[in-house]
Amino acid sequence: MNTVLVAYATKRGSTREVAADVARVIRQSGAEVEISPARNVKTLDRYQAVVLGGALYMGRWHKDARKMLKRHRAELASLPLAVFALGPKEITPEAIEKAGAELARALAEVPEAHPFSTAIFGGVIDPKRLHFPFSRMQAGDARDWNAIQDWASEVVRGFSSRSTP
Ligand SMILES: Cc1cc2nc3c(=O)[nH]c(=O)nc-3n(C[C@H](O)[C@H](O)[C@H](O)COP(=O)(O)O)c2cc1C
């Protein structure tokens with residue numbers, strides 16, 4: 001594992017914060033890590049592994065994450081890939097299953113990309129930053145930083161076992 005890209009697709013920043021924490025954990029393993037908004041990624045040439053995270057909105061994985069997968073489908077066919085989605089306001093089995101299905105739908109559009117690990121993390125609702133009627137949603141932050149860091153460590157192990165000598 002040499003240089004890892006951690007790309008993210010966000011509207012209001014909570015997914016960027018998760019991506020930054022994932023990047024920090026991967027960096028601790030000794031890998032070089034670059035972090036970038038998914039829409040700014042032009043090439044995967046210099047990466048040996050990729051993490052892509054995106055927020056879920058209205059039942060869909062963020063457009064920038066979906067577009068990045070499509071844009072780089074050929075390169076992603078042969079790169080170790082791990083993906084995550086952010087969204088549910090409560091971490092219940094039903095909410096995880098629903099969000100997982102939303103992520104799976106996006107991944108099914110790009111069969112060349114086959115992540116070895118996918119994760120769903122709780123999301124953030126900040127009604128002050130939302131327009132009516134969403135401004136009436138209950139505030140909350142369901143991100144579980146321990147779960148995020150555990151997943152990032154698992155991803156490091158997955159990358160290491162898949163890296164080419
Ligand atoms: C209008 C709106 C629609 C949302 N739709 C979904 C959804 O369909 N599924 C889900 O799991 N989370 C949904 N969420 C929760 C977001 O994914 C969550 O707020 C996330 O933290 C946003 O990430 P961001 O700050 O990176 O944009 C929605 C949030 C808003 C405000």
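**View 1. Helices H1 and H5 cross in a right-handed way.** Keep in mind that this is a predicted model. H1 covers residues 14-28 and H5 covers residues 145-162. Their axes sit 9 Å apart, and the packing angle is about 50 degrees. An angle like that is neither in the roughly parallel range (under 35 degrees) nor in the roughly perpendicular one (65 to 115), so H1 and H5 are oblique to each other.

**View 2. Here are the residues where H1 meets H5.** On the H1 side, look for Glu17, Val18, Asp21, Val22, Arg24, Val25 and Ile26. H5 answers with Trp145, Ile148, Gln149, Trp151, Ala152, Ser153, Val156 and Phe159. Sort this contact by class and you get 10 nonpolar, 2 polar and 3 charged residues.

**View 3. This is the largest nonpolar core, with 26 residues.** Leu44, Leu52, Trp61, Met68 and Leu69 have the most contacts inside it. At least two core residues come from each of these: strands S1 (3-9), S3 (49-57) and S5 (81-86), plus helices H2 (63-71) and H4 (93-108). H4 gives the largest share, 4 residues.

**View 4. Zoom in on Leu44, one of the residues with the most contacts inside the largest core.** Leaving aside residues up to four places away in sequence, Leu44 touches Leu5, Val50, Met68, His72, Glu75, Leu76 and Leu79.

**View 5. Another core, of 24 residues, lies apart from the largest one.** Its members include Val18, Val22, Ala82 and Ile148.

Methods: Residues are numbered from 1 along each chain as its sequence is written. This is a predicted model: local features need pLDDT of at least 70, side-chain atom pairs count only at pLDDT 80 or more; totals for chains, interfaces and linings use all residues. Side-chain values use heavy atoms; hydrogens and water are left out. A nonpolar core is a set of buried Ala, Val, Leu, Ile, Met, Phe, Trp, Tyr and Cys residues joined through side-chain atoms within 4.5 Å. Buried means under 20% relative accessible area, exposed over 50%, partly exposed in between (1.4 Å probe, protein chains only). Contact means heavy atoms within 4.5 Å. Axes are lines fitted to C-alpha atoms, for helices over the stretch in contact, and angles run from 0 to 180 degrees between N-to-C directions. Angles under 35 degrees count as roughly parallel, over 145 as roughly antiparallel, 65 to 115 as roughly perpendicular and the rest as oblique. A crossing is left-handed if the near helix is turned anticlockwise from the far one by less than a right angle, and right-handed if clockwise. Ala, Val, Leu, Ile, Met, Phe, Trp, Tyr, Cys and Pro count as nonpolar, Asp, Glu, Lys and Arg as charged, and the others, Gly among them, as polar.
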